Amino acid sequence: MLDDIREWISDNLRYLLLGLAGILILVIVIFVIKFATGGGKDKTSDTEVTSEKNTEQEEEETVPGAGLEKDVPEVLEVMKKYYDAWADKDLETLKAIDPALSAEDEAAIQNNDAIESFNNITVYSSEGLTEGSYIVYVYFDAKIQGISTLAPTLIDFYLQKDESGNLVMVDKYSTQELSDFTEKMQASKGVQALIQEVNQKLVEATEGDDDLKAYVVSLQSGNSTGTGNQGSDGNTAGTTGDAPEVNSKVKATTEVRVRSEASTNGVIYGMLTTGAEATILENLDSGWSKIQYTANGTTIEGYVMTQYLEAAE
């Protein structure tokens, strides 16, 4: 048997060598192909997976409230207490939460019978600059006297703990550092998406209720009292008269939001604080002005309501 095997090998050695040579060549070709395509990995597949991940991440970042925590218990408790007190005109409780509440604010609250209640209160918050502080975006549906449709609303606050460890409101523009932080958060994708979502809800609500639309227009015109001076497009008394000249310097008479278009549906670019200066680029018949101003070394162009601007001295 062994001799037969040896004889077969001897007779077929040439063919065996040729076969081995062919296999060797095939292995080399396969190795070269794998090397040229990145070690056999499917680059197209990897690219598609990476692209899908990036798309998913981008979509996640633009979800309303992305990057914020929803209904943190201690924050939600404070804000519900605040708005319950506002509806009940409980000034003592309001002043405990908002120590800077002025006599003018108190009078405005006492004299405001327009808002009956604040419903479906939801808070979105993020940690502030110091331990135990929060920047907060409060959503609620306001029930307006004589109007059946609720008005979706979003207002922002800054809370920090006082000496007794209680969360209280502080002016979010009281220091440059806090102002910078507020504007940075305001510009984040999650907050902007939240603002746009609430704006859209309000648009849909007003489109279905002429009474609500008239009320919102009155707020934007400064003819009705809102929920305090929280920085708006015009919820507090502003100046009236001729629009400032183009290219002239103006200053804000109150905190007013700067938007991407001449509409309360526009994306919020930032905030002009009381006394902040800007340059008029254009005056629109709709009662809005296009302005240019500088914040943190960055030049920003946007739209504000003209009546909240006056000539700079």
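Over how many bridges do S3 and strand S4 pair, and in the parallel or antiparallel sense? Select S3 and S4 (residues 151-161): the two pair in the antiparallel sense over nine bridges. Strands count as paired if DSSP finds at least two bridges between them. Strands (E, at least two residues) and helices (H or I, at least four residues) are DSSP runs, numbered from the N terminus.

The model is predicted, so local features need pLDDT of at least 70 and side-chain atom pairs count only at pLDDT 80 or more, while totals for chains, interfaces and linings use all residues. Residues are numbered from 1 along each chain as its sequence is written, and side-chain values use heavy atoms, with hydrogens and water left out.

**The sheet**

Next, display the open sheet of five strands, whose order is S1-S2-S3-S4-S5 with antiparallel pairing. Strand S1 (69-70) and strand S5 (167-170) form its edges, each pairing on one side only. Within the sheet, select Tyr137, which stands opposite Asp156 in S4.

**Helices across the sheet**

Select H3, which lies across S2, S3, S4 and S5 and runs at about 155 degrees to S2. Then select helix H7 (residues 189-207), which lies across S2, S3 and S4 at about 145 degrees to S4. Such angles run from 0 to 180 degrees between N-to-C directions, with axes fitted to C-alpha atoms, for helices over the stretch in contact; contact means heavy atoms within 4.5 Å.

**The aromatic rings**

The structure holds eight aromatic pairs. Rings of Phe, Tyr and Trp (its six-membered ring) pair if their centres lie within 6.5 Å; planes under 30 degrees apart count as stacked, over 60 as edge-to-face and the rest as tilted. Select Tyr83 and Phe118, a tilted pair at 4.7 Å centre to centre with 50 degrees between the planes. Because Tyr83 lies in helix H3 (residues 73-88) and Phe118 in strand S2 (residues 115-127), this pair ties together parts 35 residues apart in sequence.

Phe140 belongs to strand S3 (residues 134-144), 22 residues from Phe118. Tyr83 and Phe118 are both buried, as is Phe140; buried means under 20% relative accessible area (1.4 Å probe, protein chains only).

**A charge over a ring**

Finally, select Lys201 and Tyr139: the charged end of Lys201 sits over the ring of Tyr139, 4.9 Å from its centre. The criterion is NZ of Lys or CZ of Arg within 6 Å of the ring centre and within 35 degrees of the ring normal.

Methods. Buried means under 20% relative accessible area, exposed over 50%, partly exposed in between (1.4 Å probe, protein chains only).
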